[in-house]
Amino acid sequence: FDPRHCLGTPCCGFPKMGPHRLWFLLESVKDLRETLKKKGSTLVVRKGKPEDVVRDLITQLGSVSAVAFHEEVREILLKDKIRLWRFL
């Protein structure tokens with residue numbers, strides 16, 4: 001879990017994730033872990049900045065063939081649009 005999702009956004013100051021959304025996310029992850037456990041697998045959950053957590057995991061595992069991230073960050077896209085409007 002990325003703790004930055006519980007902090008205020010740079011342009012508006014509102015949290016990215018409120019308590020209800022966080023509760024839903026935690027319950028969903030718990031359910032996924034239990035489902036995987038019943039199938040003989042597991043789910044590793046880490047807390048921290050993804051760039052740090054993935055680097056640490058790669059260091060621990062020693063070898064990884066591919067890593068990819070994708071996240072739409074609306075406040076950054078909004079900030080870019082505002083800059084564009086000001087430019088025009």
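A: **A salt-bridge network and its setting**

From the N terminus on, the elements of the chain run α-α-α. There are three helices and zero strands. The model is predicted. Its average pLDDT is 76, and 59% of the residues score at least 70. H1 has the highest mean pLDDT, 90. Helix H3, residues 74-87, has the lowest, 62. Where pLDDT is low, the predicted coordinates should not be read in detail.

Now to the charged part. Side chains of opposite charge can pair when their charged atoms come close. The count here comes to two salt bridges. Which residues do they link? Asp52, Arg55 and Asp56 are linked in a network of salt bridges.

Take the pairs in turn. Arginine 55 forms a salt bridge with aspartate 52. Their closest N and O atoms are 3.2 Å apart. Arginine 55 also pairs with aspartate 56, with the closest N and O atoms 3.7 Å apart. The cut-off for a salt bridge is 4 Å, so a pair at 3.2 Å and a pair at 3.7 Å both fall within it.

Arginine 55 and aspartate 52 are three residues apart in helix H2, so about one helical turn separates them.

Aspartate 52, at 28%, counts as partly exposed. Aspartate 56 is partly exposed too, with a relative accessible area of 37%.

H2 covers residues 50-61. Its 12 residues should span 16 Å at 1.5 Å a residue. The end C-alpha atoms of H2 are 16 Å apart, which agrees. Just after H2 comes glycine 62, with a positive phi of about 90 degrees.

Leucine 43 is found in the loop between H1 and H2. Leaving aside neighbours within four places in sequence, leucine 43 is in contact with Val29, Leu32, Arg33 and Leu36. Leucine 43 and lysine 30 are 13 residues apart in sequence. In space they are 9.2 Å apart, C-alpha to C-alpha.

H1 itself spans residues 19-38. Leucine 26 sits in H1. This leucine is partly exposed, at a relative accessible area of 37%.

Last, the chain as a whole. Of its 88 residues, 9% are buried. The accessible surface comes to about 7,900 Å², and 60% of that belongs to carbon and sulfur atoms. Among contacts with a separation of 6 or more, 45% are between residues 24 or more positions apart.

To sum up the close look: arginine 55 pairs with aspartate 52 and with aspartate 56, and the three form a network.

Conventions:
Residues are numbered from 1 along each chain as its sequence is written. This is a predicted model: local features need pLDDT of at least 70, side-chain atom pairs count only at pLDDT 80 or more; totals for chains, interfaces and linings use all residues. Side-chain values use heavy atoms; hydrogens and water are left out. Helices (H or I, at least four residues) and strands (E, at least two) are DSSP runs, numbered from the N terminus. Buried means under 20% relative accessible area, exposed over 50%, partly exposed in between (1.4 Å probe, protein chains only). Contact means heavy atoms within 4.5 Å. Accessible areas come from the Shrake-Rupley method with a 1.4 Å probe; for residues, only the protein chains shown count as cover. A salt bridge is a side-chain nitrogen of Lys or Arg within 4 Å of a carboxyl oxygen of Asp or Glu. pLDDT is the predictor's confidence in each residue, from 0 to 100. The expected span of a helix is 1.5 Å times one less than its number of residues.
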